[in-house]
Structures are given as C-alpha cells and as structure tokens.
Amino acid sequence: GLGLLLTLLAGMVVPFYGPSGVGLTQAGLALLLGLWIADILVIDKEIKWHPSPTNLPAVLIVGSMILSFIVGKLPWYRTAQAPLEAQLGGVSVYLFSIATYFLVGNRLKDVRWLEWISWGFVGLAWFRIWGWIFPAFGRLITEQMYASGTLGSLFYLWLACIPLGQALFNTKLKKEQRALLFLIVATTLYVMAGPAYDWKSGWMPAAAGVAVIAGLRFARLLPVMALLGTIPLIQAVSEAMLTDRYSYSTRLDAWSIVFQIVKVNPITGLGPANYYWYTPLFPIRGYAVNFNSHSQYVDMIAQTGILGLLIFFIFMWQVGKLAWSLRNRVPEGFAKGYVYSAMGGLVGSLVASWLGDWLLPFVYNVGLRGFRASILSWIFLGGLLLLDRYYPAESAEQEVGKEEMNLAVPT
C-alpha cells in the first residue's frame, strides 16, 4: 500500500524521464510487481487471485496486444515498421495498466490504503486548481511541482469525482469535511468551465463524471435534470465543435485514413505503434506525414483490431457491473462514497478515451509519460476489485437472510 501511494505521488511530481517519457511511475510499478512475483515464488508458493468476472477480459486485453505484436511483424505494407522499442513500449502500456488494476485489487491489505491513496492524490492535485485560479502561483507549481504527462484530463476527472462521491454518499463525514469536499469540487469545476474551457478534452470527461454521480444521488430528479440540462448540453457540444472546427474535421480525416490502413487486418490489428509508420502512404489533406488517430478507440482498432476493442469494452462493462453491485454491498462511509466516485470516473474515463486523452497512452502521442495520468483510472477502478474482495456478494446475501429470519421469528 505504501509502495503504491509513493509510486503514484512520486511519479506525479518527480521530473525523471527515461526513453519515451518513462518515469518513476513505471519504475515503482515494476518494483511492486517484482515483489509480488517473489512473494508468490518464495513465500506463498501459490497465486492468490480474487475471483471476479473482470479477470478474464482484463487478461485478454494484454493478450490482444501481445497477439497484435506478433501479427504486426508480418509485412502488411512495404515500408518500415515502428522500431522495436516503440512496439515494446506499446505492449508495456497495456501490461502496466492491467497490472495496476490487479495489484490494487489483489495486493492491498486493507481498504484504508485505498482511502489514503485517494486523499493523498486529492490533496496533491488540488494545488493545481489554485494554480489555475492564481496564474503567478500556477506558473510556479506547473513548472516545478508536476512532472510532464501528469496533468491530463484524467487528473481533473478524478479530482472532481473522488471528493464529489464522498460528499454526496459518505454519511459519516462531518459538516466541515463535506464542505471542504464541495469546495474542492466547486473550484475544479470553476477552472474547467472558465480558464480551461478551451481544452475540450479536459473538461468534458470531468463534466460527464460529475453528471453521473449527481444523477445517481438525485435519481428521482433525473427527468427534471435531463429536461433542464438537454439544451445547455447541446449548446456546449455545438459550441465546442464550432470553436474547434479545424481540430474536429482533421480528426475525422485521420480516423478515415486509419480505417483504410487497418483494412488489411481489421480483426487483430497491425501491432503496437505500427500504423503511425504506415500513415505517410495515405496522405492527409495532401500531406504525406506521420500522424496518430487522436482517439483511444480508433487507436485500439489500429493496434489490436476489432477484437482488442471488443475485449476492452467487455472489461469496462464488467467493471461497471461490479461497481453497480457494490453500491448495495459496501458499508456506509468511505467505501460507499468510493463506489459512486468510481462509477463517475469510469464513465469519464470512457469519454476521455473517445476524445483522445489517453487511458492507454500512445507512444507517438503523449508518450509513456502519459501513464502518470492514466494510472489514476487503473488504480481507482482496481479499488472496486479490492472492495469486492472485502465485501463479497455471498456475505451480503447472508446478512440479508439473517435479517429476514429475525423478522420472521415471533416475539
């Protein structure tokens, strides 16, 4: 638990960069995974694995990338493929992401570690919000406090979702604590709707995550909220497209060309990072240049094919189902708030992926340094697996059965 907390925070603030932006985030995870393997081989001498419907699709996500790595070695086009280090970098992104999910779900010894990791991140991240509000302060902490790749949209997504879920669903909080959490959410949303509004892929995931959490909390008001929010939503999306029309249109062109490139093997894709080297064969707006898709989903089709994208969505569906089942199993307090925060974060992560703010960073876009931000989603979604381990469905059903039996006993 302490190792994971230090890995997260140190990776965010220590400006150490290896090839393609590899930093302390990957180094810390490699150490933790090595200790896990040593624990299995030397101490436990068995693999302790929490059974979950998310396990198989999670493993298959990595499997789809390894398969595409092998298939990608075939000469699909008569031009150079991505260098081996770039391909291995793409494989490592998938491996480290899923390993983080399993590490949190299977190795944390206590739910309190999940709480400390959550508040540790929120406390460190909130400094950035004040940097947006006070530009002079912001220049100082942006240049000296956060490492490159940290401040992706997932950074702001989880900064909004974690405190909001706790403020709305954690009934054990004191009034002062709840007020502080609302302040964190309010200042984050203010920055997203104000100074950072031009960064569309930055505020849209956070807005989606907040909307999901608020909708779950005020479910009875959903019809009214939907009625009142439809017109502003349409206006916001339309304005975002109009004010950034060039970016939107070029993305459509890029997606169209990537789909043409992957036609030679749409099922398993062209391998990690390879399509980027094939793009000059398909000029975009008259220019024979290298470019990437700027969308996680198009990127996954290009690298791991339709099969890889399908497995990814199956995994996310299973994680969503897990979160939905946990909402009635976990006790009141931090765990309850965490589940709802994770549901908002899950939806926001999917929105960010669509907008090209990477959940699985691409080597030739944000680079491996982007894992400093994407690790947040894998840590906090892995927290659902940890809660499932601590509050299994069987125990919840047994407790309900006991209550029913007690009610049935005549006095």
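Predicted model: local features only at pLDDT ≥ 70, side-chain atom pairs only at ≥ 80, totals over all residues.
Together with Ile-37, Val-42 and Ile-43, Leu-41 makes a nonpolar surface patch of about 450 Å².

## The largest nonpolar core

The largest nonpolar core holds 119 residues, and those with the most contacts inside it are Leu-4, Tyr-101, Phe-121, Trp-158, Phe-380, Leu-384 and Leu-387. Helix 13, covering residues 296-326, supplies the largest share of this core, namely 14 residues.

The surroundings of Phe-380 can be described in detail. Leaving aside residues up to four places away in sequence, Phe-380 touches Ile-117, Ser-118 and Phe-121, and also Trp-158, Ile-162, Tyr-338 and Ala-342. Two of these partners, Phe-121 and Trp-158, are themselves listed with Phe-380 among the residues with the most contacts inside the core.

## Positive phi angles in two loops

Most residues other than glycine have a negative phi. Ala-273, although not a glycine, has a positive phi of about 70 degrees, and its place is in the loop between helix 11 (245-261) and helix 12 (274-278). Ala-273 is buried, because its relative accessible area of 0% falls under the 20% limit for that class.

His-294, likewise a residue other than glycine, has a positive phi near 60 degrees and is found in the loop between helix 12 and helix 13. With a relative accessibility of 31%, His-294 counts as partly exposed, whereas Ala-273 is buried.

Conventions
Residues numbered from 1 in each chain as written. Heavy atoms only, no water. Core = buried A, V, L, I, M, F, W, Y, C linked by side-chain atoms within 4.5 Å. Buried < 20%, exposed > 50% of the residue type's maximum accessible area, 1.4 Å probe, protein only. Helix = DSSP H or I, 4+ residues; strand = E, 2+ residues; numbered from the N terminus. Contact = heavy atoms within 4.5 Å. Patch = residues over 30% accessible without salt bridge, like charges linked within 9 Å, V, L, I, M, F, W, Y side chains within 5 Å. Areas by Shrake-Rupley, 256 points an atom, 1.4 Å probe, with all protein chains shown as cover. Salt bridge = Lys/Arg side-chain N within 4 Å of Asp/Glu carboxyl O.
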